[in-house]
Amino acid sequence: MATISLNGVTKSYGDLQVIPPMDLEIRDGEFVVLVGPSGCGKSTTLRMIAGLETVTGGAMHIGDREVTHLRPGLRNCAMVFQSYALYPHMSVRENIGYGMKVRGTPKAEAAEAIDNAARILNLTDYLDRKPAALSGGQRQRVAIGRAIVRDPDVFLFDEPLSNLDAKLRVEMRVEIKQLHRRLKTTMVYVTHDQVEAMTMADRVVVLKDGIIEQAADPITLYERPANAFVAEFIGAPS
Ligand code: ADP
Ligand code: MG
């Protein structure tokens with residue numbers, strides 16, 4: 001488990017600053033949801049935490065380690081994407097185990113980690129199937145399984161459910177929350193869906209144009225929105 005802290009972190013693309021200095025402290029084991037309209041900087045923030053995007057200014061720590069310019073493989077963060085990014089020619093077992101194979105994890109250890117992740121995600125009966133023979137929800141579970149076997153300090157989710165239909169989306173929200181309760185790992189979850197944010201988060205961070213408008217637990221956010229933008233965005237009475 002790990003805390004994450006951003007101190008004056010900025011991101012610019014050329015002359016365009018998309019994240020002005022951002023301060024954010026995420027507690028050990030917290031489930032934080034970054035929410036806001038399209039283009040507000042959610043993915044950029046998440047990708048900077050993952051190390052997939054360089055940080056322009058400021059400093060970032062995970063636990064007591066400074067990671068500001070550390071490459072992704074050294075951060076012990078696992079990212080789950082919207083697009084699943086599964087290998088179509090590989091079985092579920094091979095997809096979940098791919099990273100371990102690349103890293104040279106001993107076979108028996110890898111097999112145990114795969115079985116454990118499959119049990120947690122109800123994929124035990126599907127380990128020999130190819131992604132094409134899975135439902136959308138099962139594919140998303142495989143993507144989560146790939147993150148679980150890494151035993152990361154931090155899970156990062158970028159709109160993992162937006163390709164799923166409404167019913168499945170609700171089911172998967174519950175599953176991801178169950179996973180959080182089980183693993184108690186720090187999780188940062190990005191969505192543009194305010195209902196998803198309000199139902200899943202320990203704490204919601206509302207972004208607009210790269211600026212944190214408010215960071216609070218769902219009830220506080222609903223009862224005491226900091227401004228009209230927050231109230232309107234989350235659908236609270238203002
Ligand atoms: P969100 O995930 O909230 O929809 P993003 O973090 O993807 O938003 O993008 C934030 C802003 O940064 C947007 O204005 C987007 O156009 C801009 N942006 C993202 N990636 C790049 C890039 N590689 N080059 C230039 N601008 C980018
Ligand atoms: Mg995005």
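## Helices H4 and H5

Helices H4 and H5 cross in a right-handed manner, where a crossing is called right-handed if the near helix is turned clockwise from the far one by less than a right angle, and left-handed if anticlockwise. Helix H4 covers residues 136–148 and helix H5 residues 166–183, and they pack at an angle of about 30° with their axes 10 Å apart. H4 is therefore roughly parallel to H5, a label for angles under 35 degrees, while those over 145 count as roughly antiparallel, 65 to 115 as roughly perpendicular and the rest as oblique. Axes here are lines fitted to C-alpha atoms, for helices over the stretch in contact, and angles run from 0 to 180 degrees between N-to-C directions.

On the H4 side, Gly136, Gly137 and Gln140 meet Leu168, Glu171 and Met172 of H5, contact being counted if the C-beta atoms, placed from the backbone, lie within 7 Å. This contact of H4 with H5 includes two nonpolar, three polar and one charged residues; Ala, Val, Leu, Ile, Met, Phe, Trp, Tyr, Cys and Pro count as nonpolar, Asp, Glu, Lys and Arg as charged, and the others, Gly among them, as polar.

## The model and its confidence

This is a predicted model, in which local features need pLDDT of at least 70 and side-chain atom pairs count only at pLDDT 80 or more, whereas totals for chains, interfaces and linings use all residues. Residues are numbered from 1 along each chain as its sequence is written, and chains are lettered from A and ligands numbered from 1 in the order in which they are written. The average pLDDT (the predictor's confidence in each residue, from 0 to 100) of the protein chain is 94, and 99% of the residues score at least 70.

## Helix H2 and its partners

The axes of H2 and H4 come within 8 Å and cross at roughly 35°, again in a right-handed crossing. Here Val92, Asn95, Ile96 and Gly99 in H2 meet Val142, Gly145 and Arg146 in H4.

Helix H2 (residues 92–103) also packs with helix H3 (residues 107–120), at an angle of about 135° and with the axes 10 Å apart, which means that H2 is oblique to H3. In this contact Arg93, Ile96, Gly97, Met100 and Lys101 of H2 meet Ala110, Ala113, Ile114 and Ala117 of H3, giving six nonpolar, one polar and two charged residues.

## The whole chain

The protein chain has eight helices and 10 strands, taken as DSSP runs (H or I of at least four residues for helices, E of at least two for strands) and numbered from the N terminus.

How values were computed. Contact = placed C-beta atoms within 7 Å.
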